[in-house]
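Subject: Structure handover and notes

Hello,

Here is the structure for your files. My notes follow below it.

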Amino acid sequence: MSMSHATTFTQDPIARLPDALDPALLQAPTKFRCASVWQHDRPLLDVLTEEYGVIALRDLVGTYGWCIRYSQQHKSDALGIETLGELLELFRQGTDQALPYLMHLSLHRNLPRLRQYFVDPPQFKPNWVASSWADRIGGPELFVGQQGTGFGPIHIDHVGVHVGFYQLSGEKRFLLFPPDDGKYLYRYPGAEFPWQLRNSRVHGFDEGVHEQYPLLRHAHPREISLRAGEALFLPANWWHTTLNVTDSVSYSVRIVNKSNALSTLAEYARGVPRAVSRLLPANRSR
Ligand SMILES: O=C(O)CCC(=O)C(=O)O
């Protein structure tokens with residue numbers, strides 16, 4: 001074996017991979033303006049309606065499974081709408097009727113012909129999980145929500161990913177808490193990957209939340225609003241939730257690269273014994 005080969009072999013394999021992520025981005029959530037991630041000469045919702053309007057809402061797939069929360073399905077039932085095109089038409093008309101919040105709409109799984117027109121800003125790169133094989137980890141995905149809709153529970157995205165958000169139209173408000181604030185956020189016990197979201201009981205923007213959850217007074221919340229043309233880099237393990245201040249269309253992608261790949265792998269590995277125990281016949285009904 002030559003000397004140079006031996007040297008290469010002993011180096012940290014991850015350290016040798018290119019990584020242009022700005023280390024400053026890892027310190028705190030960072031908002032910035034950038035070119036639109038939608039790089040097509042026609043508006044996104046026109047193309048979306050034309051190309052994929054016929055898809056049934058019940059067939060839409062989110063990167064985590066669902067696209068419309070079970071608790072919101074009654075809204076489309078009440079309106080008698082069944083397809084993505086019908087939902088988008090009402091959304092664009094600015095209907096007064098309540099539409100379900102379309103979340104986590106996976107580009108790879110639902111909209112593969114549009115995937116090529118979404119181009120991430122340099123701040124979201126390198127991203128080792130942006131390809132279709134890693135859809136469960138990385139997305140990317142779209143969110144379409146009326147004014148007043150929002151994500152709901154404060155949460156951390158699974159397996160230590162960073163998250164990149166881009167606001168395509170309208171305004172979205174983010175409520176953010178640093179990773180160490182988990183102890184003040186009334187977490188559900190055992191709420192860990194792979195079965196449960198890493199969720200808090202708190203839905204951030206509710207009235208009277210401090211009376212109901214007094215420990216929140218010790219937390220360190222930050223608010224950031226994104227308007228069309230603005231992006232947010234959210235480092236791994238920051239707690240967050242959202243509120244659509246106006247009708248809103250946004251894009252997001254989860255990011256793994258040299259900065260967090262080992263912790264992402266470790267979190268996956270921690271999930272394996274739990275996955276195996278779930279498969280055991282005695283635990284199947286739990
Ligand atoms: O865009 C939203 O409303 C919420 C997105 C979010 O919190 C997430 O993907 O983790």
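Where is Asn237 placed? Asn237 sits in the loop between β9 (230-234) and β10. More on that residue further down.

Two points on the ground rules. This is a predicted model, in which local features need pLDDT of at least 70, side-chain atom pairs count only at pLDDT 80 or more, and totals for chains, interfaces and linings use all residues. Residues are numbered from 1 along each chain as its sequence is written.

**Overall**

The protein chain has eight helices and 11 strands. Helices (H or I, at least four residues) and strands (E, at least two) are DSSP runs, numbered from the N terminus. Of its 286 residues, 32% count as buried. Buried means that 20 or more other C-beta atoms lie within 10 Å of the residue's own; exposed means 12 or fewer, partly exposed is in between, and C-beta atoms are placed from the backbone. Take the contacts in the chain with a separation of 6 or more: residues 24 or more positions apart account for 86% of them. Two residues are in contact if their C-beta atoms, placed from the backbone, lie within 7 Å.

**The ligand**

Seen from the ligand, the surrounding residues are Phe143, Phe151, Asp157, His240, Thr242, Ser250 and Ser252. Two elements give two or more residues to this shell: β10 (239-244) and β11 (248-255). A residue is near a molecule if its C-beta atom, placed from the backbone, lies within 6 Å of it. By class, the shell has two nonpolar residues, four polar and one charged. Here Ala, Val, Leu, Ile, Met, Phe, Trp, Tyr, Cys and Pro count as nonpolar, Asp, Glu, Lys and Arg as charged, and the others, Gly among them, as polar.

**A helix pair**

Two packed helices are described by the angle between their axes and the distance between the axes. Helix α2 (residues 44-52) packs with helix α4 (residues 84-93) at an angle of about 155°, and their axes are 9 Å apart. That makes the two helices, α2 and α4, roughly antiparallel. Axes are lines fitted to C-alpha atoms, for helices over the stretch in contact, and angles run from 0 to 180 degrees between N-to-C directions. Under 35 degrees counts as roughly parallel, over 145 as roughly antiparallel, 65 to 115 as roughly perpendicular, and the rest as oblique.

Which residues make the contact? From α2 come Leu45, Leu48, Thr49 and Tyr52; from α4 come Leu84, Gly85, Leu88 and Arg92. Five of these residues are nonpolar, two polar and one charged.

Most residues other than glycine have a negative phi, and most peptide bonds are trans. Some places here depart from that.

- His104 is not a glycine, yet has a positive phi of about 55°. His104 lies in strand β2 (residues 102-106). His104 counts as buried because it has 21 C-beta neighbours inside 10 Å.
- Asn237 also has a positive phi, about 70°, and is not a glycine. Asn237 has 17 C-beta neighbours inside 10 Å, so it counts as partly exposed.
- The peptide bond from Lys125 to Pro126 is cis, with omega near 0°. Pro126 is in the loop between α5 and α6 (135-138).
- The peptide bond from Gly139 to Pro140 is cis, with omega near -5°. Pro140 is in the loop between α6 and β3 (141-145).

Asn110 belongs to helix α5 (residues 107-110). Why does Asn110 count as buried? Because it has 21 C-beta neighbours inside 10 Å. Beyond four places in sequence, Asn110 is in contact with Tyr52, Ile55, Leu60, Val61 and Leu105. Thr63 is 47 residues from Asn110 in sequence, and their C-alpha atoms are 9.9 Å apart.

Gly138 is in helix α6. Gly138 is buried, as 24 other C-beta atoms lie within 10 Å. Leaving out residues up to four places away in sequence, Gly138 touches Asn127, Val129, Ala130, Val253, Arg254 and Val256.

Phe32 lies in strand β1 (residues 30-33). Is Phe32 buried or exposed? Phe32 is exposed, with 11 other C-beta atoms within 10 Å. Phe32 and Ala231 are 199 residues apart in sequence, but 5.3 Å apart in space, C-alpha to C-alpha.

Best wishes
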